[in-house]
Amino acid sequence: MLVLGRRDSEWVVGRNGTRVERKVYLQAGATTDELVRTVESFDDGVGEILVAMSSFRPRGALGADYHSWPDKSLPNLLHLRAVWCECDCYKRGDYQHRPSHELVWDILDRCHQSRIPAPSYVVASGRGLHIVWLTEAVPSIALPAWRAVQKRLLSVFSDMGSDENAAAPTGNLRLVGTSNRRLDVRMIWPATVGQIERYTFRALAAEILPYSPEECREYRSKAKERKAARRQPNAVPGASGKRGGGGLTAETYRNAIESDLWKLLDHRYPAGAPVARTEEDDGSHGRFLFAFARLWACRLGADALKAEVEAHAKRLGYRRPADAVREAGTVIRKRRALDARQAGGEARKTFFYRFGPQVLVHDFRIDEATARALDLRILRPLSMIAERAAERQAKARIARGAKPRATAQAERLALGHQAIALREAEGLSRPQLCERLGVKATLLDKAIREAKAKAEAPRVSSRYIEIAPEAVPALEATDAPSYTPFVRDEAPPHEDTRPVTPPEAGGPSHVGMVVKRITPFLTEYRSATEAYDIVRVKVGREWIESRSELPLAPASHVPSRPATEADDAMVIDVLGRVAAEEAEERRRAKRRAKRQA
């Protein structure tokens, strides 16, 4: 089932008895046989129609009929048929004043630089762009991989205004041939239907995602083994690849944080924290007390926690133990409530406080120099954590007898270049390459990906490719695809020379159309096959459009006609009539209001 949608309004009676106009969103569901008839009946004449890019089970929401109330929820998702990226270019300063047909070259360049396949088609949705990659019908069980591809595409086009809200699997895109706030929704690339490609999702994901599904499964299996090794009671030190063999438990983790906090307190206040004074209170004693109280509450009862706070009150900068107990009262009361629930028979639970090391690092302003000087184990900045992790990994590789990382990367890069050469020379498939080179599929994918990233072949932006002077639309003149040949071979395009925008959807193809907005009421449209201008006049509350044909310019150069004195006179006349009609309408409204009063 495909789902259509459009915005509409309806009049409802408010609480005070007056009629109020309310915005609504109407939907309609249709199977393949019912699609054409549903689109024709669903169009209200305004021409604004959206279509869901995924298919759903023919089921109505809350038991209703799917024709008028389709269930477009995520549990009812049946197939994923495309991945896409909606770019709101009009919100970006670098792109908001550029015509949409020029942005196609930026999109193709971005795909080429990011090493992802070229899109199946690009649609100008009014003020933005829809970049779509069509795939076969993928079952909804592949939703995690589909979301990973969507996330990657959003990051690639983030500077062009990629919309995360429109990237949901139940999202809608505008239908070509309709309109968006009186702006035509048209396909601007490619030029013909036969050039629209449909990829296989597996090959598309292999090109877009940094890791293949096999690599993800292998990583998860190894992580599971490491986790099981850490949980063994007599784990061999270093067997899990981390310091201490068995790793940190919840108790040792909290003890390590407490030890780091005492080191920090003694370093900053060798003679003890200063006694809290209202006029000179910097908050140090309060921050330390709250951190220690949360740690103690995880292993002590309410009474023992109170005694612990009283014992360390002076060291933490409090004159009287009662002052420290009062400030730690929130933690003590929560601990007492938990003890009461456990005494009443409730199952024993861990305490409710969670300890994020980076939160404490931020609160106590711990920098890298302080963490190194005090040899802090848990409370360390992120930069220091990454450095320590790299050192531990290098030591673990040496302990396992593995090759150094630089040597392994060089060998993997050579393997990737060899695999690419064999694939291009002999046309070997992925299983054949694995058998020829004697490696796993995961290693082969990683080697090829790194070899592509290290390729030093010079790249020329597609906007600088010399275009033949024949009378051919500009977007049809380049044959340099940004996708690799083997992806295209898995889903070759069909031969169909029909324009992407058929006559019944609003005229011939708009590829190569030059749009010039001379005034708010006069817009000119020119392409290699047609030229016309449209004048919009507001009569009352409705806009009336009149179209007049213009002579065609030579095919090699399609200039835009500048505004003339006749155009200015016509616009002044239009503005004068519109202003007079609006003033008359305001006078009538005032007279009606007086009569009703």
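This report covers charged and aromatic side-chain contacts in a predicted model.

**Salt bridges**

The structure holds 21 salt bridges.

| Pair | N to O distance |
|---|---|
| Lys222 and Glu218 | 3.4 Å |
| Glu411 and Lys403 | 2.9 Å |
| Arg430 and Asp445 | 2.6 Å |

Take Lys222 and Glu218. Both residues belong to helix H5, which spans residues 213–231. They sit four residues apart, about one turn of the helix. Lys222 has a relative accessible area of 43%, so this residue counts as partly exposed. Glu218 has 24% and is also partly exposed.

Glu411 and Lys403 join their side chains in a salt bridge at 2.9 Å, N to O. Glu411 is partly exposed at 41% relative accessible area. Lys403 is partly exposed as well, at 44%.

What does the salt bridge between Arg430 and Asp445 link? Its N to O distance is 2.6 Å. Is Asp445 buried or partly exposed? Asp445 is buried, because its relative accessible area of 16% falls under the 20% cut-off. Arg430, at 32% relative accessibility, is partly exposed.

Salt bridges also form a network. Arg7, Glu48 and Arg174 are linked in this way.

**Aromatic pairs**

Six aromatic pairs turn up in a search of the whole structure. One of them is Trp133 with Phe157: the ring centres are 6.4 Å apart and the planes meet at 45°, so the pair is tilted. This pair, too, links distant parts of the chain, 24 residues apart. Trp133 is in strand S7 (residues 129–139). Phe157 is in the loop between helix H3 (143–156) and strand S8 (172–174).

Trp262, Phe288, Phe292, Trp296 and Phe364 make up one aromatic cluster.

**Charges over rings**

Arginine ends meet aromatic rings at two sites described here. The charged end of Arg6 sits over the ring of Phe42, 4.9 Å from the ring centre. Arg127 places its charged end over the ring of Tyr90, at 4.2 Å from the centre.

Key. Residues are numbered from 1 along each chain as its sequence is written. This is a predicted model: local features need pLDDT of at least 70, side-chain atom pairs count only at pLDDT 80 or more; totals for chains, interfaces and linings use all residues. Side-chain values use heavy atoms; hydrogens and water are left out. A salt bridge is a side-chain nitrogen of Lys or Arg within 4 Å of a carboxyl oxygen of Asp or Glu. Helices (H or I, at least four residues) and strands (E, at least two) are DSSP runs, numbered from the N terminus. Buried means under 20% relative accessible area, exposed over 50%, partly exposed in between (1.4 Å probe, protein chains only). Rings of Phe, Tyr and Trp (its six-membered ring) pair if their centres lie within 6.5 Å; planes under 30 degrees apart count as stacked, over 60 as edge-to-face and the rest as tilted. A charge sits over a ring if NZ of Lys or CZ of Arg is within 6 Å of the ring centre and within 35 degrees of the ring normal.
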